[in-house]
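Please read the following note with the model open beside it. Each point takes up one topic.

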Amino acid sequence: MADIAKLVEELSSLTVMEAAELAKALEEEWGVSAAAAVAVAGPAGGGAGEAAAEEKDEFDVVLTGDGGKKIQVIKEVRAITGLGLTEAKALVEGAPKPLKEGVNKAEAEEIKGKIEAAGGTVELK
């Protein structure tokens, strides 16, 4: 049992990309899909609700509109992304567009708060 706990601990520290590579390797080696493994292991691991909560640890922050305050939103987009004026303006005018991808929940909420304070609208996916 101690070996299983150690394995679970090591697997929990994988990045999303590493987990995807692991899933692909397991599919190739044993001919099983990751979806089947999760379906089988889900209830034994304490329920599907916990597994679903753990899965979503990276978010995409999508700018959905400027709320009529384009200049303020462009300023925030520049501060958040480091884009130049032209690129930030194009991003804001082309909304809905991804602002940042693959960020943790805290950073996603912080970005959302900054854009909304400037008058824009944001969606977390």
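The numbered points below go from the model as a whole to single residues.

1. Basis of the model. This is a predicted model, in which local features need pLDDT of at least 70, side-chain atom pairs count only at pLDDT 80 or more, and totals for chains, interfaces and linings use all residues. Residues are numbered from 1 along each chain as its sequence is written, and side-chain values use heavy atoms, with hydrogens and water left out.

2. Confidence. The predictor's confidence in each residue is given as pLDDT, on a scale from 0 to 100. Its mean for the protein is 78, and 79% of the residues reach 70 or more. Over residues 36-48 the pLDDT stays under 50, and there the model has three contacts beyond four places in sequence; a contact means heavy atoms within 4.5 Å.

3. Overall fold. The protein has seven helices and three strands, arranged along the sequence in the pattern α-α-α-α-β-α-α-β-α-β. Helices (H or I, at least four residues) and strands (E, at least two) are DSSP runs, numbered from the N terminus. Of the contacts with a separation of 6 or more, 65% are between residues 24 or more positions apart.

4. Burial. Of the 125 residues, 17% are buried. Buried means under 20% relative accessible area, exposed over 50%, and partly exposed in between (1.4 Å probe, protein chains only).

5. Helix α6. Which residues of helix α6 (residues 85-93) are buried? They are Ala88, Leu91 and Val92. Seen down the axis of α6, these residues fall within an arc of 95 degrees, so they line one face of the helix; the arc is that of the directions from the helix axis to the C-beta atoms. Their cover includes β1 (59-65), α5 (70-81) and β2 (97-103).

6. A nonpolar patch. Leu7, Leu11, Leu14, Leu22, Leu26 and Trp30 make a nonpolar surface patch of about 530 Å². Helices α1 (2-12) and α2 (16-30) are the elements that give two or more residues to the patch, and α2 provides the largest share, three residues. Leu26 lies in helix α2 and is partly exposed, with a relative accessible area of 31%. Patches are made of residues with over 30% relative accessible area and no salt bridge: like charges are joined within 9 Å, nonpolar side chains (Val, Leu, Ile, Met, Phe, Trp, Tyr) within 5 Å.

7. Salt bridges. Side chains of opposite charge can pair when their charged atoms come close. A salt bridge is a side-chain nitrogen of Lys or Arg within 4 Å of a carboxyl oxygen of Asp or Glu, and the whole structure has five of them. One of these joins Lys70 and Glu93, with the closest N and O atoms 2.9 Å apart. This pair links distant parts of the chain, for Lys70 is in helix α5 and Glu93 in helix α6, 23 residues apart. Another salt bridge joins Glu107 and Lys100, at 3.6 Å between the closest N and O atoms. Glu123 and Lys125 also meet in a salt bridge (3.5 Å, N to O). Salt bridges with shared partners join Lys70, Lys89 and Glu93 into one network.

8. Two loop residues. Asp57, in the loop between α4 (48-55) and β1, is partly exposed at 43% relative accessibility. Not counting residues up to four places away in sequence, Asp57 touches Val16, Val103, Asn104 and Lys105. Pro96, in the loop between α6 and β2, is exposed at 58% relative accessibility. Beyond four places in sequence, Pro96 touches Val62, Leu63 and Thr64.

Technical notes: Areas by Shrake-Rupley, 256 points an atom, 1.4 Å probe, with all protein chains shown as cover.
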